[in-house]
Amino acid sequence: MSTPFRQINQEVLQSLAFPTRRYLGLLGVLACFIGWGAVCFYYQVQTGMGVTGLNLPIGWATYITNFVFWIGIGHAGTLISAILYLFRIEWRRAIYRSAEMMTVFAVMTAGMFPMIHLGRVWVFWWLLPYPNQRHLWPSFKSPLSWDVVAVSTYFTVSVLFLYMGLIPDLAAVRDSTTGRRKWFYGLLALGWQGEHDQWRHYMRAYMCLACLATPLVISVHSVVSWDFAMANMPGWHETIFAPYFVAGAIHSGLAMVITLLIPIRKVLRFERLIQLRHFEAMAIFNILTGMIVFYAYAVEAFMAWYSGDMFERGMLIYRATGPYWPYFWVMNLCNAVVPLLYLFRKIRTSWTWLMVISLLINLGMYLERYVIIVTSMAHDFLPHIWYVYKPTWVEISIVIGAASFFLCAFLTAIRIVPAVAISEMKEPTATPEVMAE
Amino acid sequence: MKAGAARTITAVFTDFGAFLAALRSLKAEGVKHFRVYSPVELTEYEDLMPRRGSPIRVVSLLAGFTGCALGFWLCIGSAKLYNLIVGGKPVVAWVPYCVIGFELTILTAALCTVASVFVLSRLRPRALSPEYDGSFSADQFGICVPCNNEQAGGIAETFRSSGAVEIRES
């Protein structure tokens, strides 16, 4: 009896078994990259920021590119778990837990970069508002202060949302294990018993959190975009930046969910739970976000021409024909044109194409942030200090180390907590008619 | 537990229809004190439960207002402590402070929402109720009725006739 429920339990809980040697080997390789990144960061701290390619007039480059990229990656998790929850989108059930975990680790990865970029990382806490004897407070008129508050709020709410969703599932894991694992999951499940009183408060709270996370996700990348848009810099000082960044964030985040879930459904044997139709739905969403991004690119170019602002025009021409032209054109191709391939059903239902296109979108979105940040600074109002920036091996190593941290944390987490929401997956099978069958 | 209850009857159901039927019978018999265990949140039996709704939305709303006030207070208070014109804006500049006000609205509301569900649902590391069965988080439903000795037989019979697969007494 109740086979669908038990089957879901079994399929999800088997993914929490001890990982294979190959899996552990992969984690080991990632740990080596993390270690190398940490060594390079230590070298940077010891030697100074001169080991990076940063030089006047380029104050922001690879590290800030990575900050914006990883914050953007996180957005798809909140979109899938909160916004699509409010719209009662059925296909989100199978994928939202993995997407939420991706969000948390992406924001953690993003949070490292401003600190790495600071140089004097040991004083990063000066960014935080706290009472001190010097009576010095951050200026809350600065977009950088907004960023600190917005990103830390986003991280806190994402963690709360992830944990709240996990509680009934942790109880299910607790009830199916013994010994120390039972004690560990029992501790995390906080005495959850699935009583009606618990469910009724829980569901209200979950709905409230979804309602709070929805405007938050839009505000966070808007605030990140204002780091640039508030500056009087050609290529940055644009009113379209907030919606453009939000759409771009969701575009890259959805692509990252596709990239991660294609191998994970195989490795964790979730083929029955996470199906091709889920990927197809995300691909269709990617068409929409790709079109919004394309529109933003077009408006940017149009406004450069129509405004008659010679600096804006100069920046557009510089991006398209200057030393960064390959990045600019690959960015346009990957973000605006490649997603349109998903219009063909054959392509969006092919695992290979899904993987290739999602990787290309991520490449394009990374380059977009690089082009926005670096080209504007490289070609500002003073021609005598124009400079072509190239990242050094230290920066590249730290970036690879941070990406490895993201992957390592994600791959570890999906073996510790259920990567598919057990209780929510049961809901569609829980109607009296289905259960009677 | 109901005052004066000497025994607890727990029924286990694998069939959702039987579970609903048992709840309806309990309601028809006027039983008001009982607990229901379910592996999933279902709205189908919401109407049969003695308590509905939750004050959590109100908590979220009030916490949101508090957070908003806190955000503006933080910005204005710190600006007045360091009374300098920055970025060509007045010392107390409302527009940029809206961002901090908004973020703290969300943060405070989210923290209080989670705290309130922990309090209201009694979520804390603790021993599970003796009536609780591990299968309630997998695929079975449970109803637990505290009662006195005279009522026990009737309640057990109600469960049996509704299709309970197991009835336990404690």
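View 1. Trp125(A) counts as partly exposed because its relative accessibility is 38%; buried means under 20% relative accessible area, exposed over 50%, and partly exposed in between (1.4 Å probe, protein chains only). This is a predicted model, in which local features need pLDDT of at least 70, side-chain atom pairs count only at pLDDT 80 or more, and totals for chains, interfaces and linings use all residues. Residues are numbered from 1 along each chain as its sequence is written, chains are lettered from A and ligands numbered from 1 in the order in which they are written, and side-chain values use heavy atoms, with hydrogens and water left out. Trp125(A) sits in the loop that links α4 (96-118) to α5 (143-176) of chain A; helices (H or I, at least four residues) and strands (E, at least two) are DSSP runs, numbered from the N terminus. Together with Leu118(A), Phe124(A), Trp126(A), Leu127(A) and Leu128(A), Trp125(A) makes up a nonpolar surface patch with about 530 Å² of accessible area. Such patches take residues with over 30% relative accessible area and no salt bridge, nonpolar side chains (Val, Leu, Ile, Met, Phe, Trp, Tyr) being joined within 5 Å and like charges within 9 Å. Accessible areas come from the Shrake-Rupley method with a 1.4 Å probe, and for residues only the protein chains shown count as cover.

**View 2. Arg174(A), a buried residue of helix α5.** Look for Arg174(A) in helix α5 of chain A. Arg174(A) counts as buried because its relative accessibility is 4%. Leaving aside residues up to four places away in sequence, Arg174(A) touches residues of both chains, among them Tyr185(A), Trp192(A), Leu128(B) and Tyr132(B); contact means heavy atoms within 4.5 Å.

**View 3. The interface between chain A and chain B.** Here 59 residues of chain A are in contact with 67 residues of chain B. The two chains bury about 5600 Å² between them, with 67% of it on carbon and sulfur atoms; buried area is the accessible area (1.4 Å probe) that two parts lose on being put together, summed over both. On the chain A side, Lys141(A), Gln193(A) and His196(A) lose the most area to chain B, together 14% of what that side buries.

**View 4. A salt bridge across the interface.** The side chains of Arg6(A) and Asp139(B) form a salt bridge at 2.8 Å, N to O. The count between the two chains is 2 salt bridges, each a side-chain nitrogen of Lys or Arg within 4 Å of a carboxyl oxygen of Asp or Glu.
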